[in-house]
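Work through these exercises with the model open beside you. Try each task before reading its solution.

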Amino acid sequence: MRKEPDAREPLSTPDRGPRPGDSAPAPAAAVRPMRGSWIPGLAVALVLAVVAMAVGERLPVLGGPVTAVVLGVLVAAVRRPAPRLTPGMRLAGKPVLQTGVALLGAQLSLTQVLHVGAGSLPVMIGSLAACLLAARVIGRRLGVGGDLRTLIGAGTGICGASAIAAVTPVIGAASAQVAYAISTIFLFNIAAVVVFPLVGHLIGMDPQVFGLFAGTAVNDMSSVVAVATAYGPGAVDDAVVVKLTRTLMIIPVCLGLALLAGRRARSAPSAPVRPAGLVPWFLVAFLLAAAANSAGLVPATAHPGLKELSVFLITVALSAVGLSTDLTALRRTGPRPLLLGACLWVVVSSSSLALQYAFGGGLS
């Protein structure tokens with residue numbers, strides 16, 4: 001006779017192992033996720049990335065990565081992704097993302113730091129330091145969480161979505177925080193395209209000086225080119241070189257964050273830390289790719305293809321980030337991170353102008 005469940009027992013109880021009369025255990029392949037179980041989620045992220053890249057080509061100021069996050073969030077809002085998509089989205093959100101960031105290094109040359117001139121490095125480093133300090137101080141005052149203020153600070157101070165993509169696996173940020181940070185950065189990129197050329201003409205910058213300003217005060221490359229082009233063709237080359245050199249700041253910032261994360265982990269007795277784990281592999285790959293490019297081992301003809309590949313991989317990853325975003329957490333975050341982004345935008349812009357003036361950048 002079948003025994004009815006006691007009302008006091010939970011409806012779902014833990015498995016206590018095989019009992020007499022039970023059938024044989026299922027094969028290991030049936031218990032563990034199938035090897036190809038990541039395919040559906042990755043396929044969805046790929047489709048969204050292709051659409052996002054097409055939109056980004058038509059709207060360069062928007063760009064593929066930002067479009068990918070927005071599309072992913074919209075799809076998740078209409079229909080929450082099924083659990084079977086989770087393995088593929090995780091694959092896209094970490095290994096694919098890290099590979100895309102590592103490939104960014106192949107576009108850079110370590111000698112570019114020398115080419116941009118001694119005058120630009122103090123402006124670049126000073127504005128980045130001001131941004132990161134302001135992110136910490138103002139973010140705390142506004143009550144913005146540590147991971148989110150780090151993402152917004154890195155995105156504003158270094159290179160927008162690429163910096164956020166690089167920092168995310170280092171600090172283990174949640175997808176909702178990544179989506180909010182990228183959206184915030186994008187909003188002020190658009191503002192820069194409208195405001196910065198007007199400011200440059202108002203205070204009488206020559207094209208080279210404005211190129212330095214755009215390269216240090218605007219984050220995503222597409223927005224840097226848009227701002228510099230709006231000011232005049234003579235500003236574009238300097239702006240792009242400064243922006244590429246600024247991208248190298250990903251390395252010290254991520255290494256610093258990794259060391260801080262390692263220090264916190266060492267303070268927890270239950271969380272042993274391997275010294276090799278303190279330096280993310282993709283940062284090592286980023287540096288090696290930049291060194292190979294500096295040594296001439298990466299043909300110039302390969303640069304456009306590698307750039308497109310790195311942007312596409314980051315776009316795939318950010319599609320997955322958008323899909324897995326916790327919309328409830330995003331709404332609960334409120335407007336304070338947006339206010340932090342506005343404050344950092346002003347800090348970076350004003351510190352770039354002030355440092356150029358202080359170091360004789362040619363402002364009239």
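**Exercise 1.** Find the handedness of the crossing of H9 and H10, then describe how the two helices pack.

*Solution.*
- Step 1. In this predicted model, H9 and H10 cross in a right-handed way.
- Step 2. Locate the helices: H9 covers residues 175–202 and H10 covers residues 207–217.
- Step 3. Two packed helices are described by an angle and a distance, both taken from their axes. Here the angle is about 150°, and the axes lie 11 Å apart.
- Step 4. List the contact residues. H9 brings Phe196, Pro197 and Gly200. H10 brings Phe210, Phe213 and Ala217.
- Step 5. Sort them by class. The contact has 5 nonpolar residues, 1 polar residue and no charged ones.

**Exercise 2.** State how many cavities of 30 Å³ or more the model has, and describe the lining of the largest cavity.

*Solution.*
- Step 1. Rolling a probe the size of a water molecule over the atoms shows where empty space is left.
- Step 2. The count is 1 cavity of 30 Å³ or more. The largest cavity holds about 40 Å³ of space.
- Step 3. Its lining consists of Thr156, Thr184, Ile185, Phe188, Asn219, Gly341 and Trp345.
- Step 4. Assign the lining to helices. H9 and H17 (336–358) each supply at least two residues. H9 has the largest share, with 3 residues.
- Step 5. By class, this lining has 3 nonpolar and 4 polar residues, and no charged ones.

**Exercise 3.** Describe the largest pocket: its volume, its lining and the helix that gives the most residues to that lining.

*Solution.*
- Step 1. The largest pocket contains about 820 Å³ of space.
- Step 2. Its lining has 30 residues. Nearest the centre are Pro65, Met221, Ser222, Lys307 and Val311.
- Step 3. Helices that each supply at least two lining residues include H2 (39–58), H3 (64–78), H11 (221–231) and H15 (303–323). H15 gives the most, 7 residues.
- Step 4. By class, the lining splits into 16 nonpolar, 9 polar and 5 charged residues.

**Exercise 4.** Decide how the stretches 1–35 and 270–277 should be read, using pLDDT.

*Solution.*
- Step 1. Start with the whole protein. Mean pLDDT is 79, and 81% of residues reach 70 or more.
- Step 2. Over residues 1–35, pLDDT stays under 50. The model gives this stretch 2 contacts beyond four places in sequence.
- Step 3. Over residues 270–277, pLDDT also stays under 50. This stretch has 5 such contacts beyond four places in sequence.
- Step 4. Where pLDDT is low, the predicted coordinates should not be read in detail.

Conventions:
Residues are numbered from 1 along each chain as its sequence is written. This is a predicted model: local features need pLDDT of at least 70, side-chain atom pairs count only at pLDDT 80 or more; totals for chains, interfaces and linings use all residues. Side-chain values use heavy atoms; hydrogens and water are left out. On a 1 Å grid over the protein atoms alone, a cavity is a set of points where a 1.4 Å probe fits but cannot get out, and a pocket is an open set with protein on both sides within 12 Å along at least five of seven lines; lining residues have an atom within 4 Å of a point. Grid points are joined across faces, edges and corners, and a volume is the space filled by probe spheres set on the points. Helices (H or I, at least four residues) and strands (E, at least two) are DSSP runs, numbered from the N terminus. Ala, Val, Leu, Ile, Met, Phe, Trp, Tyr, Cys and Pro count as nonpolar, Asp, Glu, Lys and Arg as charged, and the others, Gly among them, as polar. pLDDT is the predictor's confidence in each residue, from 0 to 100. Contact means heavy atoms within 4.5 Å. Axes are lines fitted to C-alpha atoms, for helices over the stretch in contact, and angles run from 0 to 180 degrees between N-to-C directions. A crossing is left-handed if the near helix is turned anticlockwise from the far one by less than a right angle, and right-handed if clockwise.
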